[in-house]
Amino acid sequence: MVMTVLRRLGQTLFVLVGISVLVFLVFFATPGADPTARIAGRNASPETMARVRVEYGFDRPLPVQYARMMEKLFVTRDLTSYVNRGQKVVPEILEAAPVTVSLVSGAAVIWVVLSVVMGVIAAALRGSWVDRGLMMLGLVGISIPVFWLGQVVNLVTQSRYHESWLFSWVPGLGYVPLTEDPLGWFRALALPWLTLAVLFVGIYSRVLRADLVAVQSEDFMRTARAKGLSPARVLLVHGLRTSMITFVSLFGLDFAQLVGGGALLTEVVFGLQGVGRLTYQALSNLDLPLIMATVMYSAVFVVIANAVVDMLYLLLDPRVRDGR
Amino acid sequence: MLLVVRDLTVALPIGGRLVPIVESVSFTLGAREILGIVGESGSGKSVTSLAIMGLIDVPGARVSGSVRFRGRELVGLAPRAYRALRGREIAMIFQDPMTAFTPVYTVGRQIDEQIRVHQKISRADARSRTVRLLGDMGVPDPERVAGRYPHQLSGGLRQRAMIAMALSCNPALLIADEPTTALDVTVQAQILDLLRGLRREYGSSVLLITHDMGVVAETCDRTLVLYSGLVAERGPTGALFAQPGHPYTAALLDSIPPLHGPRPARLPSIPGSPPAPAERPAGCPFAPRCAYAHEACAVRPALVASGVQDVACVLPAEGRPLPPRFVAEMSA
């Protein structure tokens, strides 16, 4: 088991290095694009160009440039933005990360709880109108574009009915740090959480229902019923526990993808200065250092989440533990 | 009588209409008796056993007839009452021990679960009973085996654990659905030994479902031969093997390699295959494959007494029963 974990960590490191090399090559070693000119800015004097070239090592071979870049990202952390001169990139991301993590974690709690409840009820009442209704609802959730839903939510809670008793608790758009004001944090994020969760509740409840229905025909479910267990116990203790294996792997990927910047639309609609929004800005300004940093940040999360999912597998499925 | 099954009919919806899979099956099972139900795949053996367990849950399925267990009618029994019976008074062993345990829990935990569902005892007491049962079933180092996951055990050990689980609440009736099919031959013999020993040590009756005539000869007191969802023949195993009354029984027996005498170049087999449930002929279902088929077979034959057996064939009534077979001494 310890070996499995160590091997997995080794792979994680390897993948991260691979991604960083790839991103570096794409953005800094593309033929025809001189990063020096972009960093130094328009109409820069030859002296400035020369200084930048030496500082970033652009006059040296690619491996050295790569090492410089990684040093600036991870060790000295003084990589500066091309667009806002002097703005350090790494602290900017570290500032945005808590916003995104707060948004995604809250939404994840909501979507996991709701989708498990919906999926289990639908599977237990398979074929009934409750099942059909819940699955239809899931489909509606999947089909609603998140930016549209967010705008509608804002329209209703921020302007139209803001003064009514129902929505008077909703604060203005923006983020309130958890450490400053926990209640304010919760109020600011409650609606973004729900908005972001809608899509995933739809997907996850449908996936879980399908898994639970498929597991019903397994031999061990018949054994469980032959033991005289109640239908609820058969479904929850034997069925759900086994179906959780797929659910968890899906969750790991989605969660990482969102924390890595995938919640961009929700962040923009609700005025949250998160990583997704930062990535969006970096891309529209072609701010290479910021792109490099956000992509690396996102990659780190996806890869770490994958590793965590694999560890969870070890806990969930004893067959994986024995390397089968 | 512990179990009296009368005219059990199970119909499942296939292609929009109800098709009878098992038709008017009747048999009885006494205390400490082992009854073998034999037939090819698709003959309705497993459906019969699942109907007795009340585990047919295909939407739209219909179970009719009567199953009386200790005088109590099981067909139409309320789910809650059935649940109290299942696992406690009627237990079942399934064919494939590889897939019959939930893969994510230890074997011991799954046996504990069954005990604790039916009896109010502590976790520790349940576990000590589990370990004792595993030991009784010939599992070496039962304490360690109880803590292992199903995939970590061999097929034989898993089937022993399965039997231990089935016996955990001392059931009066044990239904074993092809318990040895998925196992090695040597392990098969051990498991059959174990089943035979159960009635002595636990006083259980066993309904043994199999397609293997050899298993029946070794294990069962009485035998029920099913063909295409209908009873072809039933009677004491010894008599049935010595003088089969139904051509299907005779053909099944002919397909066992003989222990004595010259070795046949090629074992006789039954030509054709059994009809699909929806395409059963109106007359005798075996007629299309039967060497003795004649006009009288166009009407479905009733089950009639012939010697000590009951046979669903017109031959005995027509005064030309099948010839007796030479049977070397049988293990009783």
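**Figure 1. Chain A as a whole is built from helices and has no strands.** Start here to get your bearings. Chain A contains 14 helices and zero strands, so its pattern along the sequence reads α-α-α-α-α-α-α-α-α-α-α-α-α-α. The C-alpha trace of chain A spans about 85 × 60 × 35 Å along its principal axes.

**Figure 2. Confidence in the predicted model, chain by chain.** Chain A has a mean pLDDT of 85, with 96% of its residues at 70 or more. For chain B the mean pLDDT is 88, and 98% of its residues reach 70 or more. Within chain A, the element with the lowest mean pLDDT is helix α2(A) (residues 35-40), at 71. At the other end of the scale, helix α6(A) (residues 129-143) has the highest, at 93. For the model as a whole, the scores are ipTM 0.85 and pTM 0.82.

**Figure 3. Where chain B touches chain A.** Here 22 residues of chain A are in contact with 24 residues of chain B. On the chain B side, at least two residues each come from α2 (79-85), α3 (97-100) and α4 (107-118) of chain B. Look out for α4(B) in particular: with four residues, α4(B) gives the largest share of that side. Sorted by class, the side of chain B that touches chain A has twelve nonpolar, seven polar and five charged residues.

**Figure 4. Helices α5 and α13 of chain A cross at roughly 45°.** Helix α5(A) runs over residues 89-124 and helix α13(A) over residues 288-316, and their axes come within 10 Å. The angle makes α5(A) and α13(A) oblique to each other, and the crossing is right-handed. On the α5(A) side, the contact is made by A:Val89, A:Val90 and A:Ile93. Their partners in α13(A) are A:Pro289, A:Leu290, A:Ala293, A:Thr294 and A:Tyr297. By class, this contact of α5(A) with α13(A) has seven nonpolar residues, one polar and no charged.

**Figure 5. Helices α10 and α13 of chain A cross at roughly 165°.** This view stays with α13(A) and brings in helix α10(A) (residues 231-262), the two axes coming within 8 Å. Because the angle is over 145 degrees, α10(A) counts as roughly antiparallel to α13(A). The crossing of these two helices is right-handed. Residues of α10(A) in the contact include A:Met244, A:Ile245, A:Val248, A:Phe255 and A:Gly260. Among those of α13(A) are A:Thr294, A:Tyr297, A:Phe301, A:Asn306 and A:Leu316. The contact of α10(A) with α13(A) divides into 15 nonpolar, eight polar and no charged residues.

**Figure 6. Helices α8 and α10 of chain A cross at roughly 140°.** Helix α8(A) covers residues 182-216, and its axis comes within 9 Å of that of α10(A). The pair is oblique, and the crossing is right-handed. From α8(A), the contact draws on A:Phe200, A:Tyr204, A:Val207, A:Leu208, A:Asp211, A:Leu212, A:Val215 and A:Gln216. Facing them from α10(A) are residues including A:Leu235, A:Gly239, A:Thr246, A:Phe247 and A:Asp254. The contact of α8(A) with α10(A) has ten nonpolar, five polar and two charged residues.

**Figure 7. Stretches of chain A that UniProt annotates as "transmembrane region".** The unreviewed entry gives this label to residues 12-30, 103-125, 137-157, 185-204, 245-270 and 290-316 of chain A. Residues 137-157 of chain A are 90% helix and 0% strand, with their end C-alpha atoms 23 Å apart. Residues 185-204 of chain A are 100% helix and 0% strand, and there the end C-alpha atoms lie 26 Å apart.

**Figure 8. The annotated domain of chain A.** In the unreviewed UniProt entry, the feature "domain: ABC transmembrane type-1" is placed at residues 97-313 of chain A. In the predicted model, this span is 81% helix and 0% strand. The end C-alpha atoms of residues 97-313 of chain A lie 27 Å apart.

Definitions and conventions
Residues numbered from 1 in each chain as written. Chains lettered and ligands numbered in written order. Predicted model: local features only at pLDDT ≥ 70, side-chain atom pairs only at ≥ 80, totals over all residues. pLDDT = per-residue confidence, 0-100. Contact = placed C-beta atoms within 7 Å. Nonpolar A, V, L, I, M, F, W, Y, C, P; charged D, E, K, R; others polar. Axes fitted to C-alpha atoms, helices over the stretch in contact; angles between N-to-C directions. Parallel < 35°, antiparallel > 145°, perpendicular 65-115°, else oblique. Left-handed = near helix turned anticlockwise from the far one by under 90°. UniProt positions renumbered as here; feature names shortened; annotations may be inferred.
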